[in-house]
Amino acid sequence: MTPDPKPAPSVNIAAARSTGKTPPGSNSHHSDRDREPRLARPVLEEADIARALTRVAHEILERNKGADGLVLLGIPSRGVPLATRLAARIAEVEGRAIPVGSLDVTMYRDDLRLRPARALEHTDVPPDGIDGRRVVLVDDVLFSGRTIRAALDAIGDLGRPQLVQLAVLVDRGHRELPIRADYVGKNLPTSMSERVRVQLTEIDGRDAVTVESILAGDVLVEPVTGTSPAAANDDGATA
Amino acid sequence: MNKHLLSGADLSHTDAMLVLDTAEELARLADRPIKKLPTLRGRTVVNLFFEDSTRTRISFEAAAKRLSADVINFTAKGSSVSKGESLKDTALTLEAMGADAVVVRHHASGAPHRLAHSGWIRGSVINAGDGTHEHPTQALLDAFTMRRRLTEGPVQGRDLAGRRITIVGDVLHSRVARSNVLLLHTLGAEVTLVAPPTLLPVGIDSWPCATSYDLDGELDKSDVVMMLRVQRERMNAAFFPSSREYSRRYGLDGRRMALLPDHAIVMHPGPMNRGMEIAAEVADSPRSTIVEQVTNGVSVRMAVLYLLLSGGTDGEALA
């Protein structure tokens, strides 16, 4: 499934900038849910992602009253470049660098017994650690919440932060655990038969968020677990 | 990756790199306040040791515990094996207890293979040394140590292409040598075995390595010299005239170490016979990786346990 080269203007930019407070299902995408999607549908483009990240960076500073004690931890693979970008924007505003790291949650996942073993990603905790810090977890897509649950467990083994917050580029709904994001780039109501694909220049050579139907031709490709289409694909780019 | 790890040849280049790269990430756990991962919670790993071992058993035990698995240690001494219980009955007992992985060391070559393929147990079998046959996790930790010491910059994704590795000593009785030759060849290294003719096995020409009887001639082109222990407990014939003569011709002393290139490292799988195959001044020199090998052993075995045991109990093909 390749993304549609001529993106249909199904998303307006105002929607892309909608704040994280918008409840799922109440924004301009509602009509898309009634239509059966068959191709990759662009949702955010480069400029939209840039604006969303700038807004989230400001929200992080506002909510935490500055950058004191802030540590950004990206969840590999695409949470890491997002964390780096957020840190750069925060540094621009505050005039000083803040610690950024990466946190691989593979060994803490709850589906290890169900899926083939995966290669581990880097965990790279800033040298000063996370004890007593305000940790902001950064990921690309918030879906079932299971990755974040795993990340919270992983953080517990690394130290004891003062608090943990969560920033995501896209919240696609369908939570399976009581977890929510503090900062959302874009609320994106989706159907379970869709995949959200995030592409970032650092990894994929371009910035884009697209929604793909997992209908292959007219045959519905059944997700592996029945509850989580994300589990059906090995590509960390989608969720 | 296969369900079992019985031989250095079980690992393709992709599998071996996956183990090494996973071990590299797991090695960083040592810097954390909590050196434990919940990954194998509720899984049972049995250490089945029919032969004496210090570092391998402790290493597997530490690895399994750091992954939160339950560990049952079984040693032949003090078990029903000393009353004459067979390998099969022991295996059936372990299966009845629900072992997800069996780490086996046995004095008979091929015992792990028998365990894995007999249908006695459903779990994964990991060979921790069988007779004079193989010891694949030792080869993995050796490759891991070489890669760390010899690679400049990040080691992830790098193999041992073009590295020259000289393995010296009692190749005939050495499972470490066999597994190393197979694995190092897979990783692209050039291996030379150096030993007196009596300590090279029949059929060595079919191994993917070179052989030599002259240690001094090999030293100046080696990136790694691995000294093997002279296994007196397995020697039932006169393989060399005297220890002193062996040591003169095949022991690594200070003079020989000086012939090595500056970057070269000295390895030994342990336990060492100081003064026999390796001089104390060499074993304790900065070039020696002997203690490092033990540390790395835990990370490598964690990687092996993780890769073999996650991904369901039905033993489907992994990764």
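Modeller: Among the elements of chain A, strand 5 (residues 163-171) has the highest mean pLDDT, 98. Helix 1 (residues 13-16) of chain A has the lowest, 39. Over residues 1-37 of chain A, the pLDDT is below 50. Beyond near neighbours in sequence, that stretch still has 51 contacts in the model. Where pLDDT is low, the predicted coordinates should not be read in detail. Chain A as a whole averages a pLDDT of 81. In chain A, 74% of the residues score at least 70.

Now go from chain A to chain B. The two chains touch: 16 residues of chain A are in contact with 18 residues of chain B. Sort the chain A side by class and you get 9 nonpolar, 3 polar and 4 charged residues.

The contact takes 27 residues from domain 1 of chain B and 26 residues from domain 2 of chain B. On the domain 1 side, the elements that give two or more residues are helix 1, strand 4 (124-130) and helix 11 (290-309) of chain B. The largest share, 8 residues, comes from helix 1 of chain B. By class, the domain 1 side has 11 nonpolar, 9 polar and 7 charged residues.

So what does helix 1 of chain B pack against? Helix 1 (residues 13-27) of chain B packs with helix 5 (residues 136-150) of chain B. Two packed helices are described by the angle between their axes and the distance between the axes. For this pair the angle is about 65 degrees, and the axes are 10 Å apart. Angles of 65 to 115 degrees count as roughly perpendicular. Helix 1 and helix 5 of chain B are therefore roughly perpendicular to each other. Their crossing is right-handed.

Helix 1 of chain B brings B:V19, B:L20 and B:A23. Helix 5 of chain B meets them with B:L140, B:A143, B:F144 and B:R147. The residues of this contact divide into 6 nonpolar, no polar and 1 charged.

Note on methods
Residues numbered from 1 in each chain as written. Chains lettered and ligands numbered in written order. Predicted model: local features only at pLDDT ≥ 70, side-chain atom pairs only at ≥ 80, totals over all residues. Axes fitted to C-alpha atoms, helices over the stretch in contact; angles between N-to-C directions. Helix = DSSP H or I, 4+ residues; strand = E, 2+ residues; numbered from the N terminus. Parallel < 35°, antiparallel > 145°, perpendicular 65-115°, else oblique. Left-handed = near helix turned anticlockwise from the far one by under 90°. Contact = placed C-beta atoms within 7 Å. Nonpolar A, V, L, I, M, F, W, Y, C, P; charged D, E, K, R; others polar. pLDDT = per-residue confidence, 0-100.
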